[in-house]
Amino acid sequence: MAIETMSLSGRKKEVSNKKMTFLESLYLWTIFKGMMITVSHLFKRKVTIKYPEQVRERSKVYRGQHLLKRDEQGRENCTACGLCALSCPAEAITMKAEERKPNEKHLYREEKYASIYEINMLRCIFCGLCEEACPKDAIYLTESKVLVPSQYDREDFIFGKDKLVMPLTEAMKNAQLKNAN
């Protein structure tokens, strides 16, 4: 096989150097075709929605804002193993582990807990790998429609435990639903 006939993609195209006629050089036909495309878009259905009145349907695999779970007794599930931070491709999660003190048994399940747990929402890509890596099922991405509220300072986009930990009332409600089933 000659090198001239080989093509890596298999879609070799012959190019001709044909001289354009006078009408072709005016580009009237191509301008007319472009205008027809523009006019055809006027009669198509609009894809925009009226947001406050209409809410766009989310996909089944939608991942919203992060939440650190609590168990049925209100204790945090996170044991600060660091697997979520290791699995994060954007390196958005940082944590600091500490030992639980004897008087904190009602706050944390295990001997180790995350004293600092932060997610930089400017870096997070909402991939869900942190959720999959967690062996204690401590972090998950909710189905809430609120992703990250708009702010003016970069520091406001770093979510600490104050914004990430599940409210105690919600944990108790989940425990009641589990016991009912």
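Visitor: How many bridges join strand 3 to strand 5?

Guide: In this predicted model, strand 3 covers residues 112-120 and runs antiparallel to strand 5. The number of bridges joining strand 3 to strand 5 is 2.

Visitor: Which strands stand at the edges of the open sheet?

Guide: The sheet has 3 strands in the order 2-3-5, with antiparallel pairing. Each edge strand has a single partner strand, so one side of each is left without a neighbour in the sheet. The edge strands are strand 2 (93-99) and strand 5 (158-159).

Visitor: Why is the pair of tyrosine 108 and tyrosine 113 described by that term, stacked?

Guide: The whole structure holds 2 aromatic pairs. In the pair of tyrosine 108 and tyrosine 113, the ring centres are 3.8 Å apart. Planes under 30 degrees apart count as stacked, and the angle here is 10°.

Visitor: Is tyrosine 113 buried or exposed?

Guide: Buried requires a relative accessible area under 20%. Tyrosine 108 has 11%, and tyrosine 113 has 5%. Tyrosine 113 therefore counts as buried.

Visitor: Where is isoleucine 31, and is this residue buried or exposed?

Guide: Isoleucine 31 lies in helix 2 (residues 28-42). Together with Met20, Tyr27 and Met35, Ile31 makes a nonpolar surface patch of about 440 Å².

Visitor: Over the ring of which residue does the charged end of lysine 69 sit?

Guide: The charged end of arginine 58 sits over the ring of tyrosine 62, 4.6 Å from the ring centre. For lysine 69, the distance from its charged end to the ring centre is 5.0 Å, and the ring belongs to tyrosine 140.

Note on methods: Residues are numbered from 1 along each chain as its sequence is written. This is a predicted model: local features need pLDDT of at least 70, side-chain atom pairs count only at pLDDT 80 or more; totals for chains, interfaces and linings use all residues. Side-chain values use heavy atoms; hydrogens and water are left out. Patches are made of residues with over 30% relative accessible area and no salt bridge: like charges are joined within 9 Å, nonpolar side chains (Val, Leu, Ile, Met, Phe, Trp, Tyr) within 5 Å. Accessible areas come from the Shrake-Rupley method with a 1.4 Å probe; for residues, only the protein chains shown count as cover. A salt bridge is a side-chain nitrogen of Lys or Arg within 4 Å of a carboxyl oxygen of Asp or Glu. Helices (H or I, at least four residues) and strands (E, at least two) are DSSP runs, numbered from the N terminus. Rings of Phe, Tyr and Trp (its six-membered ring) pair if their centres lie within 6.5 Å; planes under 30 degrees apart count as stacked, over 60 as edge-to-face and the rest as tilted. Buried means under 20% relative accessible area, exposed over 50%, partly exposed in between (1.4 Å probe, protein chains only). A charge sits over a ring if NZ of Lys or CZ of Arg is within 6 Å of the ring centre and within 35 degrees of the ring normal. Two strands pair if DSSP finds at least two bridges between them.
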